[in-house]
Amino acid sequence: MRPASDRDAWLAALGLVRWERRCAPVQGVAAPTQEVVPDRPSAAGKAALVDPGQLDWPALRACVADCTRCELHRDRTRTVFGVGNVTADWLIVGEAPGAEEDRRGEPFVGRAGQLLDAMLAAIGQSRETVFITNILKCRPPNNRDPSTAEAAACRPYLERQIELLGPRLILAVGRIAAQQLLETAAPLARLRGQVHRHPRHDVPVVVTYHPAYLLRSPADKAQAWEDLLLACRTAAGVAA
Ligand code: URA
């Protein structure tokens, strides 16, 4: 659980004075089993030959660390596999690592990450209770959007993460994550506000704004709060 001040700051930004739990705690979260080890290649060059669909968590992490499936491996500092609880009910999916994430090997560690932490705290979740990853495990240069080829090359890793985790809910943060997860070109405005099903895994998917967007457009935090409440209801099984 994050410090109360995170939650308060987020809710203050929404104009809410005091937090009250709006959804039941998610059932079935076991004792945190952290996946926070920085990613380092194990046996270079092997990843391209391996089928990620057969791997367990440690092998999948090693496979991602070795990955050369697309050109992004050439300029990365670290792969960014994901962080959190490998028995979590919630999977949070962003777009791709930025510069700071590339340096540290952990998703959402910049200002957008602090806001994501505050959003999670507002619903009683944290980096320790959810699992956070991205569509791409390597940083695209100059924060450009992932190319179709990069997203396709990286897809098996996220697919296997979803299989291994078996989440009750996927929260897609931002347009790229939503479009890639749902295999659609629909705009974010059309994707928010409803519960989708992941096309391959039949897991509920709720879409919200990317925290980097919310930093630029704080007026939309109120809508993001509605998205989080929909996600809570969905994970609790009352809005699928
Ligand atoms: N933005 C993302 O979508 N993912 C990160 O890990 C960091 C910023």
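A definition first. A pocket here is an open set of grid points, on a 1 Å grid over the protein atoms alone, with protein on both sides within 12 Å along at least five of seven lines. A molecule sits in a pocket if more than half of its atoms lie within 2 Å of the pocket's grid points. By that rule, the ligand sits in the largest pocket. Keep in mind that this is a predicted model.

Who surrounds the ligand? The residues around it are G94, E95, A96, E101, P107, F108, N134 and H210. By class, that shell has 3 nonpolar, 3 polar and 2 charged residues.

Now the polar atoms. A backbone N or O atom of E95 is 2.8 Å from a ligand oxygen. F108 also uses its backbone: a polar atom there lies 2.9 Å from an oxygen atom of the ligand. N134 brings in its side chain, with an N or O atom 2.8 Å from a nitrogen atom of the ligand. How much of the ligand is covered? Alone, the ligand exposes 240 Å², and the protein buries 91% of that.

Look inside at β2, residues 90-94, and β4, residues 169-173. They pair in the parallel sense, over 4 bridges.

Notes. Residues numbered from 1 in each chain as written. Predicted model: local features only at pLDDT ≥ 70, side-chain atom pairs only at ≥ 80, totals over all residues. Heavy atoms only, no water. Near = heavy atom within 4 Å. Polar contact = N/O pair within 3.5 Å; in protein donor to acceptor, adjacent residues only side chain to side chain. Areas by Shrake-Rupley, 256 points an atom, 1.4 Å probe, with all protein chains shown as cover. 1 Å grid on protein atoms, 1.4 Å probe; cavity = no way out; pocket = protein on both sides within 12 Å on 5 of 7 lines; lining within 4 Å. Nonpolar A, V, L, I, M, F, W, Y, C, P; charged D, E, K, R; others polar. Pairing = 2+ DSSP bridges. Helix = DSSP H or I, 4+ residues; strand = E, 2+ residues; numbered from the N terminus.
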